[in-house]
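Dear colleague,

Please find below the structure that I am handing over to you. My notes on it follow directly after.

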Amino acid sequence: MPATRSSTRTNPLRDPRDKRLPRIAGPCSMVIFGVTGDLARRKLMPAIYDLANRGLLPPSFSLVGFARRDWATEDFSQIVHDAVKAHSRTPFREEAWRQLSEGFRFVQGTFDDDDAFDRLAQTLGELDAERGTDGNHGFYLSVPPDAFPVVCGQLKRSGLAAPEDGRWRRVVIEKPFGHDLESARKLNAVVNSVFPEESVFRIDHYLGKETVQNILALRFANQLFDPLWSAHYIDHVQITMAEDIGLGGRAGYYDGIGAARDVIQNHLLQLLALVAMEEPVSFEPSQLQAEKIKVLSATRNILPLEDNSARGQYGPGWQGSEKVCGLLDEEGFSSGSTTETFAAIALEVDTRRWAGVPFYLRTGKRLGRRVTEIALVFKRAPHLPFDQTMTDELGQNALVIRVQPDEGVTLRFGSKVPGSSMEVRDVNMDFSYGQAFTESSPEAYERLILDVLLGEPSLFPVNDEVELSWEILDPVLNAWAAAGRPEEYESGTWGPHGADAMMARTGRGWRRP
């Protein structure tokens, strides 16, 4: 997908090829639909302030909130202020806040209210004239997917989706991107009937994380790893996203969706694509997306599905020192719910590089700890010079990319234990972002919102990626639907017994991060 033209402020003395210098968005505004929601308060508003505080937004930048609340612009400004104070990453500076808040506006209305969208169009026209936003507007749909058609239709009817020459209009969509392949295709068709694909930015916040982007640097900036990055040396790959929390107040959203739709379809399959893709010709968006599409096109479920997938629901147990209830006792869940809170699947990538290497993806709630990691587990050495007693405490070599919470990379290998005897044990060589760099990593939404304003689509999945991901996941979901209830697992453990059995059938086991 080609990058769109964007208006950016640049230093006339800088070389445009120098990627070390920060990119600054040009004149523009952003409209947030669903501005009263938790995502807007905890992530979007603080990220916009952090960008402004770092000098990455132009002085003319304007933020427009759209919601049903009977608010004046001053009320909206106070809401943003409170959200920034509570959740921003960078320190609060009165000067940065004052400049940013001068561009705040609020429009009251519902999604089916023609007059409200006409007022929104008038407000954006006034911002173009008064603050110089130059007709460049982004629309952030922080709303449920069933609201996308009516919002997109209103943007089209009011003329807000169609830019004048030299201007841009972009739409930002939060997951879930449908609930299966058929619904994803319908959703894509609705959005693309209003916005061309190059103007659609589907947010997967995991792709904005610094460590995820570091996968590309680790692989393609270092000769050290590339020769080993294949089936010749790698036994299998494990991609894990574990949470130690339950659903709490999210039951209404989560019931009927489940862990596989919520995490595997987007986050984990995108991580798989970055790990398994070939080196792109360049880091141009179209080249990166083309390589990811190739990988997803070649990805298959390992059959039979009943032996190579697992799901579960968390039951009561202990989370640390706290006694917690099971899923079916959470407020909002029925006793007959079959929604899974743990999901694991085994995949293979039918390419020359990865033939025969299984990729194991798992995610779950109320697991042993909060962690997201990618582990490339290497084949065992033949140990010809060693007898079994010398290496009985030696595991398999592994390269582990830690996405969160302790961002970094660990290399596990065998080393001799000091002493007169020959004994080999595992040791770790560790790189940590927090120790290696003085500057803290920006939040994912900072990077992604700035990329939207710059028209930089590299980190945003396109139609083909979304639909290919559903093609991979749909057979698993259909098999689970026919299989009845998920297996219960105790809160605070690492998932159901079925997940361990799935690995044990091939003589492997899950890592305990």
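The term salt bridge denotes a side-chain nitrogen of Lys or Arg within 4 Å of a carboxyl oxygen of Asp or Glu. Both glutamate 197 and arginine 202 are buried, where buried means under 20% relative accessible area, exposed over 50%, and partly exposed in between (1.4 Å probe, protein chains only).

This is a predicted model, in which local features need pLDDT of at least 70 and side-chain atom pairs count only at pLDDT 80 or more, while totals for chains, interfaces and linings use all residues. Residues are numbered from 1 along each chain as its sequence is written, and side-chain values use heavy atoms, with hydrogens and water left out.

Salt bridges

By this rule, the count of salt bridges comes to 25. In one of them, the side chains of arginine 23 and aspartate 451 meet at 2.7 Å, N to O. This pair links distant parts of the chain, 428 residues apart: arginine 23 lies in the loop between strand S1 (8–9) and strand S2 (24–25), and aspartate 451 in helix H13 (residues 444–454). Helices (H or I, at least four residues) and strands (E, at least two) are DSSP runs, numbered from the N terminus. Arginine 23 is partly exposed, with a relative accessible area of 31%, whereas aspartate 451 counts as buried at 0%.

Annotated positions

The UniProt record, an unreviewed entry, places the feature "binding site" at His205, Lys209, Glu243, Asp262 and Lys365. UniProt positions are given in the numbering used here, feature names are shortened, and annotations may be inferred rather than shown by experiment.

Glutamate 243 sits in the loop between strand S9 (234–242) and helix H8 (251–254). Its relative accessibility is 19%, so glutamate 243 counts as buried. Leaving aside residues up to four places away in sequence, glutamate 243 touches Gly364, Lys365, Arg366, Leu367, Arg369 and Arg370; contact means heavy atoms within 4.5 Å.

Aspartate 262 belongs to helix H9 (residues 258–276) and, at 7% relative accessibility, counts as buried. Aspartate 262 forms a salt bridge with lysine 175, the closest N and O atoms being 2.7 Å apart. Here too the pair links distant parts of the chain, with lysine 175 in the loop between S7 and helix H6 (181–192), 87 residues from aspartate 262. Lysine 175 is buried, as is aspartate 262.

Domains

The protein chain is divided into domain 1 (28–174) and domain 2 (210–505), with bounds that come from an automatic or database domain assignment. The C-alpha centres of the two domains lie 34 Å apart. In the interface, 19 residues of domain 1 are in contact with twelve residues of domain 2.

The size of an interface is often given as the accessible area lost when the parts come together. Domain 1 and domain 2 bury about 1300 Å² between them, 69% of it on carbon and sulfur atoms; buried area is the accessible area (1.4 Å probe) that two parts lose on being put together, summed over both. Leu51, Arg89 and Arg170 supply 35% of the area that domain 1 buries against domain 2, more than any other three residues.

Across this interface of domain 1 and domain 2, the rule finds two salt bridges.

Yours sincerely
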